[in-house]
Structure formats: C-alpha cells, structure tokens
Amino acid sequence: MKWRLLPLALLACVTTAPLRAQSTVRVDGTVRDSAAGTPLAGTTILVLGTKAAATAAADGKYTLRVAPGTYLVRAQRIGYAAQQRSVEIVAGRGNVIDFVLAARATQLEAVVAVGYGTQRKRDLTGAVTVVGTGALEKAPLTSIEQFLAGTAPGVVVNTASNAPGGGISVRVRGNSSISGNAEP
C-alpha cells in the first residue's frame, strides 16, 4: 500500500515546484543621496526576516525577488544613515521602492597594530611607539627597515649581507630567545 502512494507523492512534489518558483514577485528601486541626488552604488537593500537582499548598481538601481506580503525593507550604506520602511508587496503590480539616504558622520575608534594582530587603543597595555609618516617622507632611506632601526626604540635591524636584496632581520624587544625565532 505504501509503495503505491510513492509515485503520487513524487508527482505532487514535481508539479508544485514550478508553482512555488513563480510565487515570487519582482521589486525594483533606486537609491540616491539626499543632498546631491546622485545614485549610491554599493548600497545594500535587505528584506528583513527573509534571505532576500540586493546591492545597488552604479546607477543606484536594484532588483529583489520576494513572495507577496508585508515586509520591512532596509537600505544601508557605510557613511549614510540607514533607512527602513514597511511595504506591501503585491503580485501583478509594479512594486517600486526608492530610497533617499542622508550622509552621516561616523566616529572611528583608534586601532593599534600589535605584533601579529590588532587591539583597540584603550585595551592596549605596555609601551607603544608611534612612527609618523611625516618623518618617513623626509628621511633619505631605501627601506622601511632602515627607518625603523633609528626611530623606534627596541627595534633592532640587522643585515645578513651587504649585497643588494640581501636578507634583513628585524627584532622587536627580544633578541634573547633560546630556541624560537624572535622576528615579527
């Protein structure tokens, strides 16, 4: 009895698959800057609660495909305030959702490169030496290693050979390792 129902179940799955694929509706729109009215390429448009998302092209236009219903749609871009609105998507109607985003200044947090990673400046403990680019531009040097050797305390730079392109050893506060390599 169970084996006789299997072909009917498979037929039901195969015949309803195209109906499910056609149940999505196309949504178009444009994203623009509020001050200049220029298109905002690279803006991300998300339909919250679904996996539907799109990125605006160079002309600010985007296209989404979602099932009919009421959704929250958000447009967000770095440097701009996100805009979110509730919209009803209806089948058989031209669904257009345009966004106008306003520029927003964002305060970035200071990050310090430490050895093999990064840390926030407020979480950092220990001595830190800042080497500015102003001094680097004025120095008549051929490599950054030469510049660090005379500028940053605790940095020891040794050359393996005087040949052009010869190996260079850079050690930061740690020349006395017994078995390990102290180079960054």
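How many helices and strands does the chain have, and which residues does T30 touch, leaving out those up to four places away in sequence?

Modeller: Please keep in mind that this is a predicted model. The chain has 3 helices and 12 strands, and of its 184 residues 19% count as buried. Its exposed surface comes to about 13100 Å², of which carbon and sulfur atoms supply 57%. Among contacts with a separation of 6 or more, residues 24 or more positions apart account for 40%.

The largest nonpolar core has 21 residues, and those that touch the most other members are V31, I45, Y62, V73, I89, I97 and F99. Two or more residues of this core come from each of β1 (25-33), β2 (44-47), β4 (61-66), β5 (69-76), β6 (83-89) and β8 (99-101).

T30 itself is placed in strand β1. With a relative accessible area of 16%, T30 is buried, because the cut-off for that word is under 20%. Once residues up to four places away in sequence are set aside, T30 touches D59, G60, K61 and Y62, and also I97, D98 and F99.

Not counting residues up to four places away in sequence, V31 touches T38, P39, L40, T43 and I45, together with A56, G60, Y62, F99 and L101.

Technical notes:
Residues numbered from 1 in each chain as written. Predicted model: local features only at pLDDT ≥ 70, side-chain atom pairs only at ≥ 80, totals over all residues. Heavy atoms only, no water. Helix = DSSP H or I, 4+ residues; strand = E, 2+ residues; numbered from the N terminus. Buried < 20%, exposed > 50% of the residue type's maximum accessible area, 1.4 Å probe, protein only. Contact = heavy atoms within 4.5 Å. Areas by Shrake-Rupley, 256 points an atom, 1.4 Å probe, with all protein chains shown as cover. Core = buried A, V, L, I, M, F, W, Y, C linked by side-chain atoms within 4.5 Å.
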